[in-house]
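Please keep the sequence and the structure in view while reading.

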Amino acid sequence: MFIIGEKINGAIPSVAEAIKKRDADFVRDLALKQVDAGINYLDICAGTKPTEEYDALCWLIDVVQGTTDTPICIDSPDPNMIKSVFPRISQAGIINSVSDEGNKCDILFPLLQNTDWQVIALTCNNDGIPADADTRVHIASELIDKAAGYDISPERLHIDPLVMSLATVSKAMMIFMEAVTRIKTVYPTVKIAAGLSNISYGLPVRKLINQNFLTLALSVGLDTGILDPLNRDLYGTLLAAEALLDKDKHCRKYNNACRTGRIGSIKKIKKEGK
């Protein structure tokens, strides 16, 4: 699975403080820890006031690109902001995100034409997030068709069917799984993406919900996860699920993570190392 490290996000208080103080060492350390954890992309989201977002994003991009060559997943709710900072990014990554809302497709899809960039595409439109799988599949199809008009092939799209909170929608997981299965049936080369934390919002012991969501989502075709790569339990769940689903041949990744202490009991690993 493609892992997008979610930690460089101004919505996190410690990151917001680092952005405010322009604490480059803090951001460098956070970037390197996620890279060491084995991520494929670094999500960068300023999470600031709109009037401050451009300067904050430019600073974050410069710090991250001066620290690692891991590709960037550039993240902003404003498509024009992404367009503004796009030339500053030195290599192809992922745009987070486009949807069928307003003119987002018209602004962002042209940026991807004749490039190796990929994009996360959300199954929502001007009416918001659909309550049913049918509408989500329909929106996904529309986004894939619009992308094709800019020579963006399905494999460059990470479709996010937008799982709802289980606390408010009891069938949230079932709707998500149905949408994923149907999208994959029609467009087998498209990637499926998801942020893990939405499903558990409003519930206690959220990590249990998130871990089990990850396993179930992987079983129906999840390809890309926006998650905390420093969470040992979550990373362990990912590797175990991939092994069980025959996505980790001979359990090589799982066994290697155990040997290197990346997953498993910390006390047990220390004891066995004596």
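Is the crossing of helix 8 and helix 9 right-handed or left-handed? The crossing of these two helices is right-handed; a crossing is called right-handed if the near helix is turned clockwise from the far one by less than a right angle, and left-handed if anticlockwise.

The model is predicted, so local features need pLDDT of at least 70 and side-chain atom pairs count only at pLDDT 80 or more, while totals for chains, interfaces and linings use all residues. Residues are numbered from 1 along each chain as its sequence is written, and side-chain values use heavy atoms, with hydrogens and water left out. Helices (H or I, at least four residues) and strands (E, at least two) are DSSP runs, numbered from the N terminus.

**Annotated span**

The unreviewed UniProt entry places the feature "domain: Pterin-binding" at residues 1-245. UniProt positions follow the numbering used here, feature names are shortened, and annotations may be inferred rather than shown by experiment. The span of residues 1-245 is 46% helix and 18% strand, and its end C-alpha atoms lie 12 Å apart.

**Helix packing**

Two packed helices are described by the angle between their axes and the distance between the axes. Axes are lines fitted to C-alpha atoms, for helices over the stretch in contact, and angles run from 0 to 180 degrees between N-to-C directions.

Helix 8 (residues 206-220) packs against helix 9 at an angle of about 20 degrees, with the axes 9 Å apart. Helix 8 is therefore roughly parallel to helix 9 (angles under 35 degrees count as roughly parallel, over 145 as roughly antiparallel, 65 to 115 as roughly perpendicular and the rest as oblique). In this contact (heavy atoms within 4.5 Å), helix 8 contributes K207, N210, Q211, L214, T215 and L218, and helix 9 contributes D233, L234, T237, L238 and A241. By class, the contact of helix 8 with helix 9 has five nonpolar, four polar and two charged residues. Ala, Val, Leu, Ile, Met, Phe, Trp, Tyr, Cys and Pro count as nonpolar, Asp, Glu, Lys and Arg as charged, and the others, Gly among them, as polar.

Helix 9 (residues 232-244) also meets helix 10 (residues 252-259): their axes come within 8 Å and cross at roughly 150 degrees. Helix 9 is therefore roughly antiparallel to helix 10. The crossing of helix 9 with helix 10 is left-handed. L239, A240 and E242 of helix 9 touch K253, Y254 and A257 of helix 10. By class, the contact of helix 9 with helix 10 has four nonpolar, no polar and two charged residues.

**Backbone and exposure**

Most residues other than glycine have a negative phi, and most peptide bonds are trans. The peptide bond from N96 to S97 is cis, with omega near 15 degrees, and S97 belongs to strand 4 (residues 94-100). D151 is not a glycine but has a positive phi of about 60 degrees. Phi of C251 is also positive, near 55 degrees.

The table gives relative accessible areas (buried means under 20%, exposed over 50%, partly exposed in between; 1.4 Å probe, protein chains only).

| Residue | Relative accessible area | Class |
|---|---|---|
| D151 | 54% | exposed |
| C251 | 30% | partly exposed |
| G128 | 24% | partly exposed |
| Q34 | 0% | buried |

D151 lies in the loop between helix 6 (133-148) and strand 6 (157-160), whereas C251 lies in the loop between helix 9 and helix 10. Q34 is in helix 2 (residues 24-36).
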